[in-house]
Amino acid sequence: MSQLSTTTKPRRNVELALLLLALAVGIGANMLVGVDQEKAFDSDFWFQSSLLALAALVFHGVLRFRAKYADPVILPLVVALNGIGLAMIHRLDAPGDDTGNNQLRWTLIAMAVAIAVIWFLKDHRILRRFTFISLAASALLLVLPLVPGISAGEILGARVWIRLGPMTFQPGEVAKITLAIFFAGYLSSNRDLILLAGRKIGPLQFPRFKDMGPMITAWLVSIGVLIFQRDLGSSVLFFGLFIVMIYVATSRISWVVIGLALILGGGFAASRVFSHVELRISGWLNAFTPEVYDRAPGGSHQIVQGLFGMANGGLVGTGLGQGRPDLVPFANSDMIIASLGEELGLIGLFAIVLMYLLLFTRGFRAALGTRDAFGKLLACGLSFAVALQCFVVIGGVTRLIPLTGLTTPFLAAGGSSLLANWIIVGLLLMISHTARGPVDTTPLPPAKGAESVGIDTPTEAVKHL
């Protein structure tokens, strides 16, 4: 007879309390924006606030029925970030501009898709069946922006968009999810092959050359994105995703060393061969040089204006609606961190970064708790993809690294990014539901072939992996 461990509590009431606090943060920020624009509590405010609250509560209700053991902190964190982003985008709307309402529409669509993922995906391990289908889907998604007829052409120096009727969409945002599924499936199935002994150089054990095929492929894909789509940010994101996932799977630092060498080598070559990469690096290193500041294209005007805006915010900020973030190009998308830094100050920006850190750690906690290798790798990969995207964006805005053009998850204007990141939230919630749910403690019969590797049961096989 099956025996279940039921020590874990659903904690959905905790989630509801945190969700109400998150809605208060997002709706309160929108209210402050309305007060500054002398439109507080108008029909638009109530309509937008009601839709956001309704969508969040419906999401919570679905979790009660379909994933009651899911992490209770992930959804409130994301709703708070999304609400702050909606308020800032609405605040930056010029007269006649509809970006704020468009972002709200995409928020509702993205949350509906995430709900569908939770409702229909009963077990995340089903995705393992689609390992190589995910690879084919990733290749298709990355090629689409180059296909004549649907390609939106070069926008702001990059070819990453496709045109779907009156709107544009960035398929590379979804590709990071399909690539994570492929990497998780491939690495969980081929870990022993990858761990075969190779050449040892000093304290590092390097893999055999023929076992480096997946890494070389990932490196070539990232270089291809850099060359043909002229997108430095996505290139770093895709390759970084693979490096982290293969390190988690093998625990070999040699893969990180090889990966860093390939990144540095590819980046150096790209800076010498491709002018757009050279301009990005030059604008980063010489941002305050007058010739670089006024250069078109590839000048540092955007970076410098963002830095001065954050400096103007000081410790506590100018207050929502009281600054001039509109002086920064793309203040509601690429540079929304600078906009928030100016009006919320260093304290407000630290609070936002802290929410991101909590979100990453809850994703990694789900990875640690789940009992299958595929789920561990997938949760790590998805959490790291969001973490790396935040680091690349915030690092670029603060001039720690070159600006790449990626969007800040949940905050920045952009429907494709919002959709992809909400799907990631849905997958992490499902994995955490499995990780935190009751455990079947019934002894399992020996698995076929387990004896050949000295493992007694499938449970032990997972532990061995």
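Is Ser383 buried or exposed? At 2% relative accessibility, Ser383 counts as buried, and this comes from a predicted model, as do the other values in these legends.

View 1. Set aside the neighbours within four places in sequence, and Ser383 is in contact with Phe360, Gly363, Phe364 and Leu428.

**View 2. Helix 2 alongside helix 4.** Here we have helix 2 (residues 43-66) and helix 4 (residues 99-120), whose axes come within 10 Å. The axes cross at roughly 10°, and since angles under 35 degrees count as roughly parallel, helix 2 and helix 4 are therefore roughly parallel to each other.

**View 3. Side by side: who touches whom between helix 2 and helix 4.** From helix 2, the contact draws on Gln48, Leu51, Leu52, Ala55, Ala56, Val58, Phe59, Val62, Leu63 and Arg66. Helix 4 brings Asn101, Leu104, Thr107, Leu108, Met111, Ala114, Ile115, Ile118 and Trp119. Sort the residues of this contact by type and you get 15 nonpolar, 3 polar and 1 charged.

**View 4. Stepping back to the chain, with its 16 helices and 6 strands.** Of the 465 residues in the chain, 51% are buried; Ser383 also counts as buried. As for contacts between residues at least 6 apart in sequence, 73% join residues at least 24 apart. The accessible surface of the chain comes to about 21300 Å², with 67% of that belonging to carbon and sulfur atoms.

How values were computed. Residues numbered from 1 in each chain as written. Predicted model: local features only at pLDDT ≥ 70, side-chain atom pairs only at ≥ 80, totals over all residues. Heavy atoms only, no water. Axes fitted to C-alpha atoms, helices over the stretch in contact; angles between N-to-C directions. Helix = DSSP H or I, 4+ residues; strand = E, 2+ residues; numbered from the N terminus. Parallel < 35°, antiparallel > 145°, perpendicular 65-115°, else oblique. Contact = heavy atoms within 4.5 Å. Nonpolar A, V, L, I, M, F, W, Y, C, P; charged D, E, K, R; others polar. Buried < 20%, exposed > 50% of the residue type's maximum accessible area, 1.4 Å probe, protein only. Areas by Shrake-Rupley, 256 points an atom, 1.4 Å probe, with all protein chains shown as cover.
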